[in-house]
Structure formats: structure tokens, C-alpha cells
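Me: I have a new structure open and want a quick tour. Can we go through it piece by piece?

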Amino acid sequence: MAAQAYTLGKREINHYFSVRSAKALALAAVLLLAACHAASRRYRGDDTCEYLMSSGRFLGEKVWQPHSCMMHKYKNSEAKNCLIDKHIAFIGDSRIRQLFYSFIKLINPQVKEEGNKHGNIPFEDKSASIKVDFLWYPEVNGSMRQRIKSWTEAATAKPHIIVAGAATWSIKIHNGSNEALTQYKINITSIAPLLEKLAKSSDVYWVLQDPVYEDMLSESRKMITNEKIDAYNEAAVRILNSSSRNSKAKVKVFSVSKLIAQETIMKSSDGLHLLESSRETNAMILMNVYCNKILKPIDGSCCQPQPPLTLIQKLAFCFFSLSVIGYLIINLIHRNNYRKNKSCPDLENGEEKKPAISTPTVSTLEMLLHSFCKLGLIMTYFYLCDRANLFMKENKFYTHSSFFIPIIYILVLGVFYTENTKETKVLNREQTDEWKGWMQLVILIYHISGASTFLPVYMHIRVLVAAYLFQTGYGHFSYFWIKGDFGVYRVCQVLFRLNFLVVVLCIVMDRPYQFYYFVPLVTVWFMIIYVTLAIWPQIVQKTSNGNCFWHFGLLLKLICLLICIYFLSYSQGTFEKIFSFWPLSKCFELNGNVYEWWFRWKLDRYVVFHGMLFAFIYLTLQKRQVLSEGKGEPLFSSRISNVLLFISLVCFLTYSVWASSCKNKNDCNELHPCVSVVQILAFILIRNIPGYVRSVYSSFFAWFGKISLELFICQYHIWLAADTKGILVLIPGYPMLNIMVSTFIFVCVAHEISQITNDLAQIVVPKDNPTLLKRLLCIAGFFSGLLLFSAIQDQSRH
């Protein structure tokens, strides 16, 4: 009864919620969300600098998340690069002095908070010609006005950045009197036009007063209440920019410090001054406000304008637009012809004749244009998510629960959808799809939760990536060994399916090929496997026919491959020279060099070889009928199976213990290429030795496994954000709902792209060799044009 209810439950779900209906719902959700975000931007404005300086929340205790955008964590080298030849002035009281020290520590972390607390403090970094001054003016009065006025009248250069603010001293000295507030309003009214004048040529920030923790204030500061501070802040906000109509001449009100202080001021040592971590956050926000538009960091979306369209992006837009127009025209013509032929009158009998064909035929051109139309719409969504400023982005923040709870959830779903396999061979198609599926889901959770900061999780994820490459070696070796098919059609089909989406994204998202590092990795390894097996002598299962001599010849090939891998892994210079030749350099360079490519290749350099060797040993044993692969049968005899299972479990757990005890990422990465195969082989044996385990699989995981490549690539831009550095926010304020909706759309898009790729592969890569040769010439012409336009684009940028 339980099994019957379980089966009926799955059928009910599949009946009422098909893939097609899910995609329609995802499209409706995208259109609705895009309309809502566009309306919100129009109503509230799209200046993320305003959000950065006025709103946000804490993720955990110390990580500040601005509303709707991402904040970059600046290193001192980046800060120097941004502020080179700049003069910055901080003018105000002790709180501004604290902000001054936190700011200059971003330039030089070795600075100590020394000097006269109630006097001016200069700072200079001669290496970058940066000058930062703190000017002690604790009250908004005539003295502060005179200093600001001197900048407006000076013939010499004014400060490039001015950060001002004061009020608590006025409250303290005048015992919180209303007369002091009135005088403050008069003084700030006289200063406001001068600040607005400076704002035409400099960046001027007025820092609002932070709240205090009244219970901890000393007796001499008891008159500084939050009620008084709010009154002073309200006066400053109302008066500043009241006379300015030019948005470029506005004084920027820095109010986010109030929100930060509200969360942390109770931990203050005196109830007045902020914690060092809070001051550092304020300084980092200030740095983001000024430097993001200059350095344009990927993970600093706040204050960054939308990047202009490149020449190649404009051409891609024109191509997709023409595809839509062409498809509509052809579809309209076909429909009209179909209607005309559907019922044609018989003039002799006065009756209608029914045509022999009752459905309209779809031409290859129409299928091609239809696929490009769908792809164009999807690429528009990609661009809106990660290049336009339509949707919001947030920084990642790791907690153990954000990683492990979703893992448990998908594990339960995977078990719920357990079914019997069609075949019970080791690593059969259903099992490998399942393996790829659950690994991909774990990797996705790893990326969105920011778990790379937790070293034990990082090391286990490295094994999952290695397992993908292991399957690459196993799968392609098995195909060539069994089929003996080294034709051009097979190569082109594999290369097209692997690279089509990435090439389109390189064009639309203006990213280098190496940015999507996994696809170049599996592409190069596929070509290495192909060349290794295709060169003379071509040794395959059919020709070897169990002959040990041919097997020995194949092992020699694999040993030669291993020697080449070993040599390249310890000869970085040779490796970089090979991939620095044009046009290979255009494919494998990232940030002007191929180091990243060498690092990625080296990290899993042996695992593809291990996959090939495992395939050879397994297929040889299978051919000699050493293995028992019947349904429910253990792979070996009971005694051998039990021993191997025990050894596998010990090896699996030993690796996990080692990975969990890792202290240094670099040291563990050095060992990873040699030891990752231990856990991979242990998993394969645990999964395949018991017959009852080998006879079932999870259709839930297998479904995701079939689109694992598309999921891995699409996550860069429509699930994550800022090129994987952040998280896409479609529904702000509701993190769980946002993840659910964005995940649903993301999976639907990945599935649709998989179908489009399969459809286009049949058209672009035909089996007919003469036609295939013509298509290859067209593809070569396309890439030649792409290289030409890329060169023109690079010249225009420089």
C-alpha cells in the first residue's frame, strides 16, 4: 500500500505540473518581476549610491549588506590605485576623527591612532601622492565656515573629497538647550551654499550624527540624548541642498552610519564612539561610494553605472532581432499557405476537398530561427540580470545552516524519486546522470551559500569537480574504445554541445572564454583523449580482441600521456608558452595572462587519466566476464565484495577526515590531484558492488544530471550575480522566497537552453560529410570575424 501510494503521488505531481507548464510560469514570473523592478526604479530612482549611503542591514555580526547592491572590500593596493594624486579632507569632531583613522588604514594598515586628539592630524602616502587631512572643528560655527569658505576662494586645488559632520559638542557645551539647536540651524544654513559650491567640483559628504547608548554615557555627556541628535540630524537634512537644483552640485548625506550605530553602539566603551569594526564598515562604504565608479570592481555593484554596449554586443542584438523578425515573417507565410490549402473548393462538384497533409511542415530554416528567437529572449534575461541595473544584487554570506540544510533537503527529495534502472552495469547512463545531478546540486548550493570560505567544504567540492572530469575521461574513453568512431562528426557534435552556450555568453555578456573555466577544461581534455586514442596505432576493443599485445600498446599510450601531464604540471613556463600563442591566447587568457588557466588545469591534472585507466580496466574485466552485473547480484563474490566495500568505506572516510582537517588551502591543493581519485573510486565501488544499490537510481538527481552543464554555466549570471561574486535578488526583503523564485526560473532556463542546444546541434552539425565541411567553413568564418571585431573592440577600449 505504501509503495502504491508513493507511485501515485509521483504520478499526480508529474500530471499536474509538467516541464512545459513550469516554463510558462517562469516566463510569466520574469515578465512580472521585470515590470515591477522597472516601475520601482522609475519611481524611487536607480542611484545605488543613495542606497549605499542610506540603507542596509547586517549579515551576521560584522558583514554589512547595502540595500539592492554589492559592496566591494578594498585592499590597500586598490585604495591607493583609486586615490592616487588625491587630497581628502575630514572636518569635524571626534567621531569624524575616528572615521578619518579608519579611512587611512585602508591605505596604510600600519597607521596608529596617535597625535593631538583635539587638533589637526595630517597623513600622506608619498608612494601614491595621497594626502589625507583631519581638521578639528567640533562645532558647526564661524570657524568651520571660514575654513570651508577658504576652499571655495582658494586659487590652489581644492580637496577632491570632503567629509564633514559635527553636532554632539554643540549639544554638550550648551547643555542641550533649544537655543543651541537654533544657532546650529543658522550656522549650517550659512555653510550649506559653500558646500554646494564645492560639490560642483569635489565630492562632498555630510555625515549625520550616530545615536548614543545613553545608559553608558558619562555624567558630562548625559545631555547628549538620541532625541537631541535626531533633531540636529533633521535640521541638517532639511537645510542641505535646499537651494541646489543641480543634482551634480548636491552635498551627499551620509546617513548609513546611523543604521550601523543602532546595531552596535550598545557595545561601545563610552556610549558615544563606535566600535572599530563599525568605523571600518563606514570607511569601506565611503571608499565604495568614491572608488567603485573609477575601478569598477566586479563585486562592487553599488555606485557603478550600467556598462555601455560593446560593438560585439550590438551586433548580437541586431542578429537576435533579425532572427525574431525572420521567424515571424516565415511563420506568417507558412500559416497563410496552410489556411489556403486546408479547405479548397471542388468547382465541379461544389464540395470542399480536404488536403492530403493536415499539418503544416516546419522547414530547417524555421526551426533554426525559432531556436535563435528563444535564445535571444533568454539572453535578454541574462543581460538584464547581470549587466543592466534592473535587478538587485547582494553579497554572499556563509553560515553552516545555509549550506547543510539545503543539502539535507535535496537528499530527501532524491530518495523520494528512487526508481529501478533499465540496466545494471557499472556506471550505467542512469547512474552517471544521477551522479552528475546530485554533484551539480551540491556545487550550486556551495556557490550560492559562499561556502568556499569554509575549507573542509571547499576540499570536498574540489573532489566533486574532479569527479566530473573523471567521468569525462571514463565516458569518452569508453565511447572511443567500444565504438572505434574517430570521425569528424563525433568530434564536432561534442565540441558544439560543450561550447555553444559559453560562446554565446562570451558575446552577450562580454566575458572571455576562460571566464567559464570548466568548459575550456573539459573541451581541452576531450581533445587530449581524442588525440591520444586516434593517433597511430588506433587501438580499440574490436581490433584488440582480447590480445594482450594490443592492451600493452594502449597502456604505453596512456603512460606517454601521463608523462606529458607530469612534465607540463611542473613546467609552468612551457605550459604558458603553448597557450600564449595567438589565437589560443584569446581563448585562455584571463586578466591578460594564462596563469588562471594553468592553475585550473593543474588542480585536477591526473583525474582524467585516472578516468581513462579505470574505463580500460573495467571494460577489460567486463569483456573477460570477471564481473557479475546481473540485477541484484554483487559485483564480485561475497567475500571479495565485502572486503572491497570495507576498504572503500575506510578510504572514503579517511579522505573526508583529511579534507576536514586541512589548515592551509595551498598545501591541500598541492596534494589534491594525487589523492582525489581515492574518494572517487571509493564512491564508485560503494555505489556499484552491492547489486541492490546498483539496480536503483534517483530520477530526481538524474533529471538535473542531464542538464548539469547548462546549470553550471547559467548560474554565473541568472542565479548568482556579478559574475558569481554575489546573489541575484528578484524579490528584495524576502531571502527565502527570492531563492525559491530565482531557482525555479534558473532551472527552467537551463532546461530550455539544453533543448535549444540539442536542436541546433542537429542542424549545425549534420551527419553528411560534405555538408558538415561547408558548415565548418562557415563556423571558421564566424570565429575569424569574431576575432576581428574583438581586436577592434580592444583597440577602442585602450
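Me: Let's start at one residue. Where is Arg 797 placed?
Reply: Arg 797 sits in helix α31, residues 769–797. Helices (H or I, at least four residues) and strands (E, at least two) are DSSP runs, numbered from the N terminus.

Me: What kind of model is this, and how is the numbering done?
Reply: The model is predicted: local features need pLDDT of at least 70, side-chain atom pairs count only at pLDDT 80 or more, and totals for chains, interfaces and linings use all residues. Residues are numbered from 1 along each chain as its sequence is written, and side-chain values use heavy atoms, with hydrogens and water left out.

Me: Back to Arg 797. How accessible does Arg 797 count as?
Reply: Arg 797 counts as partly exposed, because its relative accessibility is 48%. Buried means under 20% relative accessible area, exposed over 50%, and partly exposed in between (1.4 Å probe, protein chains only).

Me: Which residues does Arg 797 contact, leaving aside neighbours within four places in sequence?
Reply: Thr 310 and Asp 510. Contact means heavy atoms within 4.5 Å.

Me: Now Ser 371. Buried or exposed?
Reply: Ser 371 counts as buried, because its relative accessibility is 4%. It lies in helix α13, residues 364–386. Leaving aside neighbours within four places in sequence, Ser 371 touches Ile 756, Asp 759 and Leu 760.

Me: Switching to salt bridges. How many are in the whole structure?
Reply: A search finds 18. A salt bridge is a side-chain nitrogen of Lys or Arg within 4 Å of a carboxyl oxygen of Asp or Glu.

Me: What does Glu 434 pair with?
Reply: Arg 687, at 3.1 Å from N to O. Glu 434 is in helix α15 (429–449) and Arg 687 in helix α26 (665–688), so the pair ties together parts that are 253 residues apart in sequence.

Me: Is that pair buried or exposed?
Reply: Glu 434 counts as buried at 8% relative accessibility. Arg 687 counts as buried too, at 10%.

Me: What about Asp 386?
Reply: Asp 386 forms a salt bridge with Arg 387, and the closest N and O atoms are 3.5 Å apart. Both residues are buried.

Me: Which residue does Glu 596 meet in a salt bridge?
Reply: Arg 600, at 3.0 Å from N to O. Glu 596 counts as partly exposed at 25% relative accessibility.

Me: Which residues do shared partners join into one network?
Reply: Salt bridges that share partners join Lys 105, Glu 113, Glu 276 and Arg 279.

Me: Let's zoom out. How many helices and strands are there?
Reply: The protein chain has 31 helices and 15 strands. Its C-alpha atoms fill a box of roughly 100 × 85 × 65 Å, taken along the principal axes.

Me: What share of the residues is buried?
Reply: Buried residues make up 50% of the 798 in the protein chain.
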